[in-house]
Structure formats: structure tokens, C-alpha cells
Amino acid sequence: MDQLELRTAKEGDMHVGFIGLGNMGAPLARRLCTDHTLWVFDQSQTAVDTFTGADAQVAKSAAELAESVDIVLTCLPTSEDLRSLLFGDQQVASVLKTSTMLIDMTTGDPGITRDLAAKLALDGIDLIDAPVSGGPKGATAGTIAIIVGGSAAQFSRALPVLSSISCNVMHAGDVGAGHAVKAGNNLLNLVCRLATFEVVSLLVKAGVTPENAVSIIQKSSGRNYATEITLPDNILSGTLHQGFTMGLMHKDSSVALQMADDLDVPLPISTTAFANLKKAMNEHGQESDMSAVALTYENDSGARIRP
Ligand code: NAD
């Protein structure tokens with residue numbers, strides 16, 4: 001039996017492909033190796049190289065991958081990247097088999113997702129959105145939140161594959177609902193994170209150590225993801241590496257603010273947080289890690305949060 005035959009012998013095995021093996025996509029894809037015959041592709045050779053020798057078949061192109069599997073998962077920077085993959089130069093949409101399911105794990109734009117889904121449906125291809133929350137750490141642990149937008153039947157079809165990635169797969173509503181909830185979640189994460197940096201800077205200036213400020217709030221009513229994970233793991237540890245860029249947070253928050261504009265919902269607190277993110281991004285660059293926002297708060301307050 002060669003390696004491929006061994007892989008196809010797995011119980012409940014499906015042929016699935018994963019495109020986009022970056023900070024988030026790579027750990028998501030790795031979870032699929034155990035249960036399914038996995039094909040992978042990324043336009044970056046460096047990203048692909050991390051899969052060499054892993055239990056996956058590396059496709060030469062996105063089109064080769066699309067022709068070889070029944071379910072394609074994508075985790076690209078933006079919905080425009082997905083549009084261009086499907087309908088741009090590579091024309092991947094034209095090689096997808098009828099009845100293929102496309103599961104987009106990108107943190108995307110609900111409006112674009114609904115447009116792409118309608119276009120693909122004309123050829124019998126299902127597109128659903130399944131963005132994730134919990135970062136590379138949650139993906140590796142198999143606990144990442146997967147927020148699915150699609151019909152009940154599409155959700156049922158995707159579940160065996162998504163369950164191989166995580167035990168936390170949730171149905172948000174029709175196509176686009178996953179991307180809407182994810183954008184709202186990240187806007188809330190931004191607000192909580194920046195408010196936490198503000199308060200911790202204040203407490204440090206008032207003579208409390210950053211470690212005490214964070215650990216006490218974490219046991220009190222102000223606790224949130226920043227006191228539980230971001231500050232202890234990425235800032236107080238001094239690593240300043242979360243694996244999520246300011247540019248991606250800017251994109252996610254922009255999607256939520258655009259939804260608010262379209263639906264006439266005022267978001268004064270979120271708008272202020274977004275302006276502060278832009279300030280930090282201008283200072284550090286869009287490719288810098290979200291943890292570096294703490295440096296902006298240190299500069300503005302004169303309080304040292306890092307070790
Ligand atoms: P990344 O920049 O690390 O990875 C993106 C990957 O997609 C890159 O390897 C790139 O080469 C590849 N790619 C882009 N266009 C492609 C194409 N046409 N064909 C093949 N490969 C292509 O970004 P990331 O951090 O992995 O984020 C991916 C998505 O996941 C984003 O939408 C992001 O908002 C979301 N997300 C990220 C995190 C995180 O912590 N990093 C958490 C939750 C959600």
C-alpha cells in the first residue's frame with residue numbers, strides 16, 4: 001500500500017482540499033490529516049514547505065487541488081482573494097466538480113460571500129462561510145470556534161469535515177451569517193482589548209504591577225479575552241507575537257463598521273477603538289502583530305506593561 005492508499009483507508013474518510021496555509025490555515029488544515037485524505041495548496045512555497053512530509057498531498061496548483069477533491073476549504077486573507085481565486089486568472093470555479101462544497105474559513109465580507117454563493121449555485125456548487133475564532137492556538141488544540149453560515153442541509157454536509165477540526169462548530173444562520181457574526185466578534189475583541197490596555201496602563205501608573213492588574217481583573221467582573229489570553233500570553237510574557245496582524249484586525253473591524261453603516265446602527269465606542277487601531281497601525285505598520293498595539297498605549301501613558 002502506498003502512502004495515498006493508506007490515507008484513503010481511514011474510516012469515514014473524505015477527499016478534502018485546503019487552500020491558504022498561513023498562520024491560521026496551516027493549523028486548521030493539519031487537523032484534517034488524521035481523518036481525511038487531504039490535499040493542500042498555497043501560492044507561497046514557504047507555506048507549502050511546512051507540509052512536506054506531513055500526511056497530505058501537495059497540489060501543484062489550486063486547480064489541480066479543486067479537480068481532486070469533493071470538499072474545498074479556503075483560509076485566505078480576504079473575500080476579494082477568494083473571488084480572485086475562483087473567477088480571476090486561475091479560474092478555479094470552472095474546474096470545480098458539480099456538487100463540490102466550498103467551505104470558506106476566511107474572515108470575510110458577508111455581502112461578497114452571498115454574491116459568490118449565488119454565482120456558484122448556478123453550476124450546482126455550494127459555498128458556505130465558516131470563519132474561525134480562537135487563533136492558531138485554538139486550532140491546534142481542536143477547540144477553535146467555527147461559525148457557519150449556510151442552510152441546515154449544507155451545515156449537515158459540512159459537519160463531518162468541520163468536526164475533524166474542532167469540537168466547537170456552530171450554525172449562525174444562512175450563508176453570510178458566519179462572516180457577519182465573526183466580524184462583530186472581532187470588533188468586540190478590539191474594543192475589549194484596547195479598553196483593557198487603557199485600564200492596565202492607568203493601574204501601572206497608579207503603582208500596581210501589570211501582572212497583578214491583569215490577574216486580579218481576570219478574577220473580577222472586568223475579565224475578557226485580553227486579560228485571559230492576550231496580555232498573559234503575548235504582552236506580559238514579552239513575546240509580542242500572537243500570529244494575527246494589525247492589517248487583518250483592521251480588515252475585520254472595517255467589515256463590521258461597514259455593516260453598521262449599511263444598517264444605520266451607530267457604534268460610537270467601536271468607532272473610537274477603530275481610530276486607535278489605525279493610529280497604532282500607522283506607527284507600527286499593517287504587517288506588525290496585534291500585540292504591538294500595547295506599545296502605543298505604553299508610549300501614550302508612559303506606563304511600562306511589558307517585562
Ligand atoms: P496569512 O497571511 O498568515 O495567510 C494567508 C495565506 O493565504 C498565505 O499563506 C498566502 O500565501 C495564502 N494565499 C493568499 N491568496 C492565495 C491564493 N490565491 N491562492 C493560494 N494561497 C493564497 O493570514 P492568516 O493569519 O492565516 O489569516 C487568514 C484568514 O484567517 C484571514 O481572513 C484572517 O482574518 C483569519 N483569521 C486569522 C486568525 C489569526 O490569529 N491569524 C484568527 C482568526 C481568523
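Which residues of helix H11 (residues 225-235) are buried? In this predicted model, the buried residues of H11 are Ala-226, Thr-227, Ile-229, Thr-230, Leu-231, Asn-234 and Ile-235. The mean pLDDT of the protein is 94, and 96% of its residues reach 70 or more, although over residues 1-8 the pLDDT is below 50.

**The ligand and its surroundings**

- The ligand is surrounded by 25 residues, of which the closest are Asn-23, Met-24, Asp-42, Pro-77 and Gly-243.
- Helix H7 (135-141) and helix H12 (246-262) are the elements that give two or more residues to the shell around the ligand, and H12 gives the most, with three residues.
- By residue type, the shell around the ligand divides into 11 nonpolar, 10 polar and four charged residues.

**Helix H11 and what covers it**

- The buried residues of H11 include Ala-226 and Thr-227 towards one end of the numbering and Asn-234 and Ile-235 towards the other.
- What covers these buried residues includes helix H9 (177-205), helix H10 (210-218) and helix H14 (293-301).
- At the start of H11, a side-chain oxygen of Asn-224 reaches to within 2.7 Å of the backbone nitrogen of Ala-226, and Ala-226 is itself one of the buried residues of the helix.

**Glu-298 in helix H14**

- Glu-298 is found in helix H14, which is among the elements that cover the buried residues of H11.
- Glu-298 counts as buried because its relative accessibility is 7%, and buried means under 20%.
- The side chain of Glu-298 reaches the backbone nitrogen of Ile-305 at 2.6 Å, and a polar contact of 2.7 Å joins the side chains of Glu-298 and Arg-306.
- Once its neighbours within four places in sequence are left aside, Glu-298 is in contact with Ala-303, Arg-304, Ile-305 and Arg-306.

**Two residues in the loop between H5 and E5**

- Gln-91 lies in the loop between helix H5 (79-87) and strand E5 (101-104), and Gln-91 has a positive phi of about 50° although it is not a glycine.
- Ser-99 lies in the loop between H5 and E5, and Ser-99 has a positive phi of about 80° although it is not a glycine.
- Gln-91 counts as partly exposed because its relative accessibility is 36%, and Ser-99 counts as partly exposed because its relative accessibility is 45%; the range for this term runs between 20% and 50%.

**Confidence in the prediction**

- The mean pLDDT of 94 applies to the protein, whereas residues 1-8 form a stretch with pLDDT below 50 that has 11 contacts in the model beyond near neighbours in sequence.
- Where pLDDT is low, the predicted coordinates should not be read in detail.

Note on methods. Residues numbered from 1 in each chain as written. Heavy atoms only, no water. Near = heavy atom within 4 Å. Helix = DSSP H or I, 4+ residues; strand = E, 2+ residues; numbered from the N terminus. Nonpolar A, V, L, I, M, F, W, Y, C, P; charged D, E, K, R; others polar. pLDDT = per-residue confidence, 0-100. Contact = heavy atoms within 4.5 Å. Buried < 20%, exposed > 50% of the residue type's maximum accessible area, 1.4 Å probe, protein only. Polar contact = N/O pair within 3.5 Å; in protein donor to acceptor, adjacent residues only side chain to side chain.
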